[in-house]
Amino acid sequence: MQKQIFTIRQQILEAKKKGQKLLAVLLDPDKIVLENVGQLIEKINQSPATHIFVGGSIVQTNILEELISALKQKTSLPVVLFPGDPSQISSKADAILFLSLLSGRNPDYLIEYQVQAAPILKKTKLEVISTGYILIESGSETAVERVSKTKPLKRDDLNLALATAQAGEMLGNHIIYLEAGSGARQAVPLEMIEMIAQNIEIPVIVGGGIVDLHGIQNAYNAGADLVVIGTAFENNSHFFESVLATQNGLND
C-alpha cells in the first residue's frame, strides 16, 4: 500500500485535529551571516522546531536563495516562505504563506502584491498556503506597521479581531496568523487568541513578542496551533537549549 504524502497545510491540519502543537523558527535573511548558517541549522535541528519560516518585512540582502539551499541540505524541516513582498519568492523553498494583511486597508498588502506574485508562483512548485495576516497592537511601532503603512488592531478590541479572523476564514484563507510584530514589547493577548481559536475552524498561528517557554506555553494553552519564534532566537541562538533545559527540569 502506497504511503500517503501530506502537504504542509495538511500536516498542520492533522496536528490541529490531534492537538499536537507546532513551532516555527523565523529567519530573516537580513539578520543572517551565511558563514554561520551551519551552526545555526545545527541549533535548529536540536530544537523542538517543526518548521522554518524565512522572510522579513524588507529583505535587502541577496542571500535568500543561498540561505534556503543551505537549509534544504542540512535539515529535513519544511522551509516556508514568509514574504514581505513578491521579491522574496524562491522556488527552492517548500511552501509559501500567501499573506493578505486583513487588519490593514492598504491595497498593496491586501491584493496588489498578491496579484504581482501570482504569475511568479505559477511557474514554481511551491505549495501556496492562503494566510489571513492580522497585525495586533504590541506597545511599539513594528516593522510590519512601518513598511505596510497600516495600523494594527487594538489589543482590547477582541470583537474586531474575531470578526477580522472570521472574515478571513469565510474568504477562504487556510490559516489565520496573529502577529504582534518583530521585536514586539507585548505578545498577542491570550484572551484574543482564545476567542479566535474557539470561533474559527482553521488553524491559528501566533507570533511576535514571545520570548520564553512560558510565553510559548501560554499561547498554546490559549489555542495557538503553531507558535513562531523570531527575535528571541535571533538574539540568542542558544534559546532552545534553555527551553529544553526548562522542560527537562519540569519533567524531573
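This is a predicted model: local features need pLDDT of at least 70, side-chain atom pairs count only at pLDDT 80 or more; totals for chains, interfaces and linings use all residues.

Reply: **The helix pair and the cavity**

Numbering starts from 1 along each chain as its sequence is written, and side-chain values use heavy atoms, without hydrogens or water.

Helix 2 spans residues 37–45 and helix 3 spans 64–74 (DSSP runs of H or I, at least four residues; strands are E runs of at least two; both are numbered from the N terminus). They pack at about 50 degrees, with axes 10 Å apart (lines fitted to C-alpha atoms over the stretch in contact; angles run from 0 to 180 degrees between N-to-C directions). The crossing is right-handed (near helix turned clockwise from the far one by less than a right angle). Helix 2 brings Val37, Gly38, Ile41 and Asn45 to the contact (heavy atoms within 4.5 Å). Helix 3 answers with Leu67, Ala70, Leu71 and Lys74. By class, that contact has 5 nonpolar, 2 polar and 1 charged residues (Ala, Val, Leu, Ile, Met, Phe, Trp, Tyr, Cys and Pro are nonpolar; Asp, Glu, Lys and Arg charged; the others, Gly among them, polar).

The largest cavity is lined by residues including Ile8, Ile12, His51 and Phe53 (a cavity is a set of points on a 1 Å grid over the protein atoms alone where a 1.4 Å probe fits but cannot get out; lining residues have an atom within 4 Å of a point). Helix 1 (8–18) and strand 2 (51–54) each give two or more residues to this lining. The lining has 8 nonpolar residues, 1 polar and no charged.

Terms used: On a 1 Å grid over the protein atoms alone, a cavity is a set of points where a 1.4 Å probe fits but cannot get out, and a pocket is an open set with protein on both sides within 12 Å along at least five of seven lines; lining residues have an atom within 4 Å of a point.
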